[in-house]
Amino acid sequence: MTTLDSKVPSGPLETKWDRHRFSEKLVSPNNKRRIKIIVVGTGLAGASAASTLGQLGYEVECFCFQDSPRRAHSIAAQGGINAAKNYQDDGDSVARLFYDTIKGGDFRSREANVYRLAQVSTQIIDQCVALGVPFAREYGGQLANRSFGGVQVSRTFYCRGQTGQQLLLGAYSALCWQIERGQVTMRPRTEMLDLIVVDGHARGIVVRDLVSGHVTAHTAHAVVLATGGYSNVYYLSTNASGSNVTATYRAWKQGAAFANPSFTQIHPTAIPPSETHQAKLTLMSESLRNDGRLWVPKVPSGRRPPNDIPSSERDYFLERRYPQFGNLVPRDVASRAVKTLCDEGRGVGPGGHGVYLDFTDVIEQQGLDVVRERYGNLFDMYQRITGEDAYRVPMRIYPAPHYTMGGLWVDYNLMSTIPGLFVIGEANFADHGANRLGASSLMQGLADGYFILPYTIGHYLATTKITPIAEYHRESREALERVASRVTKLLGGQGRRTAASFHREVGRILWDHCGMARCEGGLKRTLQSIPALREEFWRDVAVPGSGETFNQELEYAGRVADFLEFAELICHDALHREESCGAHFREEHQTPDGEPKRDDTRFSHVAAWEYRENGPPILHKEPLTFEFVQPTARSYE
Amino acid sequence: MKFTLKIWRQQGPDDKGRFVTYQAHEVSPDMSFLEMLDSVNQGLIVKGEEPVAFEHDCREGICGSCSLVINGVPHGPERGIATCQLYMRRFSDGATITIEPWRARAFPIIKDLVVDRRALDRVMQAGGYISVNTGGAVDGNVVLIGKDQAETAMDAASCIGCGACVAACKNASAMLFVAAKVSHLASLPQGKPERTRRVTAMMEAMDREGFGACGNQYECEAVCPKSISVRFIATLNREYLRAGVVESGAPTVPEAPHAESD
């Protein structure tokens, strides 16, 4: 039976984390050498955690499915990382970053976690500078900032359009140092396929070596999952092709509660899908909305070129509806506005799936060179994909599944409902509520990995009696058997359809019924259709080759199989939440002019789902109490 | 559009490997090169054949996974992009396209078009970092870094570690890769304390891993998806030379009579 104890310290918000750190027990340096920790995933959260734990003296074994730890999908984040430095003296503070994040998340996150995130944000920048991250600088040598959606201050630090890459390479370099020192053993091309739980504690994982196909068990004193988000469940998303839900989903099946799985951020500014063979959607950084203006023709004007449409016939819809924030409203608000227009038939481009993002005004006011310096790489990327020159013709953009606020439930210590299983970064649910603000995911990943988990895991290790177990322990053997039988089953399909065709189909179903807008009828139908699709998958999937070699199709089919189960959990969550909040928009719950209606009396809670072997998942609720901010209607007008 | 593909197939490191010809039909000019390969693979899978193994992940040119030699050129005919950013509209309809893996002694083939690039990670582990502990860093604005200096560091730091530079070089040298990391850290004040040890350790690791020497032909720059300039190799050489001088110890003090003679 799952119980949810958030373990949030009492007392004033500002001192919770400091007091908590002092009351936490420490592991003595001599004992750390004898403690082994497994870290799965090497994105910002995983790499920063593994390197810091190694530096503290623990024995760390670190896994990633990519060929190198430097390739995790954090690397693709373009825009930047927030920190409450207030270098611009424009009214920023820890309290304001906290408030913006809580409000941006539509009052569906924990106050204490978010405040701590805002507090450590400033340390992250300093740490990254020390590691040699080449942040953008002013001529005088100071760190530069830019503004981002959903806020009115300029607090975003950046490295051109490659901030995620530079922060990840910083964490990767720290990891390299610890590998060189022998503190971290790195195992690339190794995929976690199950969790080993002994006497209720997470004690190891089962992995498949993706080159040799060998399936082995690895045991440790604690396990850290930093395995990222799951928006690839929609098939087309901004995620890397390898991003998947398998590690967290397998942990869920072993007893870790999954929180708010339906909270998926649909990012407003991706390049519109163009054709059926498309394998992914490419994001255009949100920073483009600093200078670009979104519009559609006031009346649909067929194939009329955008530059021939005079401004009197253009509807700058975000500026019209949200005069205060204009084009810089949060992502969920912008995405929904775009979707509404396109659903009304006012979209532009092929199939009407798109709106214009226009830079004419800023080019006129500030010159082409300024725009080129700020966004050159993004304009180049746009041209390569679409063949169009956005300096001359407005970009076309359309929303795309991007980031998953949902994830494994964790307490204030970032520990899941399975003791000894810690979850960090996008893989947990903790900080972004129902919607994440731009430039906050990098902040959270590094906050968890560098500054929070290394403290909290110490307390667990210092206060828990952990008996040694062998790799052939009964629970290990059972987990190995579960993995082996699944591999056999995947290879045993009749081979009439590819895994990708099932993936595309489940993605389409979710996008239509559990994407930017959801309704009871659609969700209920989806809960009927997914099990049928899943049965067909297991009967008909084609996976050539064997399990004892490098077999990419086998890897992929295993991930699709988990998406086919996980999609159902998403729909259960969306169905239960009879309100609209953040990225979750229930059509039944909106104002007459289409704004979401939140229901704080019934749904001011985290929905944490427990796995049940035969039957629907069990819902547990962690009530959200707001002591320090008053939840208000989230208005950006 | 349709294409004839000559693709390198190799079961594993011990297999000899050979080119196999495939036809790609109904290719849209808006497809990416990898999406075109996806569709060929989908056809192979339903026929019960093993799909062509190739590396890919972010598919937006930043993770450095994709690694194909297309018509003899790493990352294909267009400059400044990775394979995943190449679109079929770049090719003429009906063309024959040859697809091979990175070929270098330091990159053993795992299967088909997938190679083992861990050698690059080991070079990084030898010294491609600043050894600072987490916590206790000074405020990011304490050490001022001029905009030009930061931009130079960023130019070098944009390396995605794909290994195209190695694949393009007839000596299979990793000089551009090492140069990018050494120059990035050497151009920032935070990287200065370890600059001597870093460059020596990384150069030694590069040799140890079986990468060749620089031949000054600049193929590396031509194929680099981030257009990293070969002038960073000059920076690397300077750093290496400087390290040699520093490591040989301080210049000896000349005998007094000679020093005072003029």
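Which strands of chain A does helix α16 lie across, and at what angle does α16 run to β20(A)? In this predicted model, helix α16 covers residues 552-576 of chain A and lies across β10 (258-259), β20 and β21 of that chain. The angle between the helix and β20(A) is about 145°.

Now look at what sits under that helix. Strands β10, β20 and β21 belong to an open sheet of 4 strands in chain A, and the order is β16-β10-β20-β21. The pairing is antiparallel. At the two edges you'll find β16 (407-408) and β21 (618-623), each of which pairs on one side only. Strands in a sheet are held to each other through backbone hydrogen bonds, and they can run parallel or antiparallel. Zoom in on β20(A), residues 605-610, and you can follow its antiparallel pairing with β21(A) over 6 bridges. A handy landmark here is A:W609, which stands opposite A:L619 in β21(A).

Staying with chain A, let's step back to its domains. The domain assignment gives domain 1 as 267-399 and domain 2 as 474-610. Their C-alpha centres lie 31 Å apart, and the contact takes 6 residues from domain 1 of chain A and 5 residues from domain 2 of chain A. If you want to find the spot, go to helix α9 (residues 331-343) of chain A: 5 residues on the domain 1 side come from this helix, the largest share. By class, that side of domain 1 has 1 nonpolar, 2 polar and 3 charged residues.

On to chain B. Its C-alpha trace spans about 85 × 40 × 35 Å along the principal axes, and the chain has 9 helices and 7 strands. Of the 262 residues in chain B, 49% are buried.

Chain B has its own pair of domains. Here domain 1 runs over 3-110, while domain 2 is made of 117-134 + 141-247. The centres of the two, taken over C-alpha atoms, are separated by 28 Å. Where they touch, 19 residues of domain 1 of chain B are in contact with 18 residues of domain 2 of chain B. On the domain 1 side, the residues divide into 11 nonpolar, 5 polar and 3 charged.

For a closer look at chain B, start with strand β1 (residues 3-9). This strand pairs with β2(B), residues 18-24, in the antiparallel sense over 7 bridges, and B:R9 stands opposite B:R18 in that pairing. Strand β1(B) also pairs with β5(B), residues 96-100, this time in the parallel sense over 4 bridges. There, B:K6 stands opposite B:T98.

Finally, how do the two chains meet? Across the boundary, 65 residues of chain B are in contact with 63 residues of chain A. On the chain B side, the elements that give two or more residues are α1 (33-46), β6 (109-111), α2 (118-127), α3 (147-157) and α5 (175-186). Helix α1(B) gives the most, with 7 residues. Sorted by class, the chain B side that touches chain A has 28 nonpolar, 21 polar and 16 charged residues.

Methods
Residues are numbered from 1 along each chain as its sequence is written. Chains are lettered from A and ligands numbered from 1 in the order in which they are written. This is a predicted model: local features need pLDDT of at least 70, side-chain atom pairs count only at pLDDT 80 or more; totals for chains, interfaces and linings use all residues. Two strands pair if DSSP finds at least two bridges between them. Two residues are in contact if their C-beta atoms, placed from the backbone, lie within 7 Å. Axes are lines fitted to C-alpha atoms, for helices over the stretch in contact, and angles run from 0 to 180 degrees between N-to-C directions. Ala, Val, Leu, Ile, Met, Phe, Trp, Tyr, Cys and Pro count as nonpolar, Asp, Glu, Lys and Arg as charged, and the others, Gly among them, as polar. Domain bounds come from an automatic or database domain assignment. A residue is buried if 20 or more other C-beta atoms lie within 10 Å of its own, exposed if 12 or fewer, and partly exposed in between; C-beta atoms are placed from the backbone.
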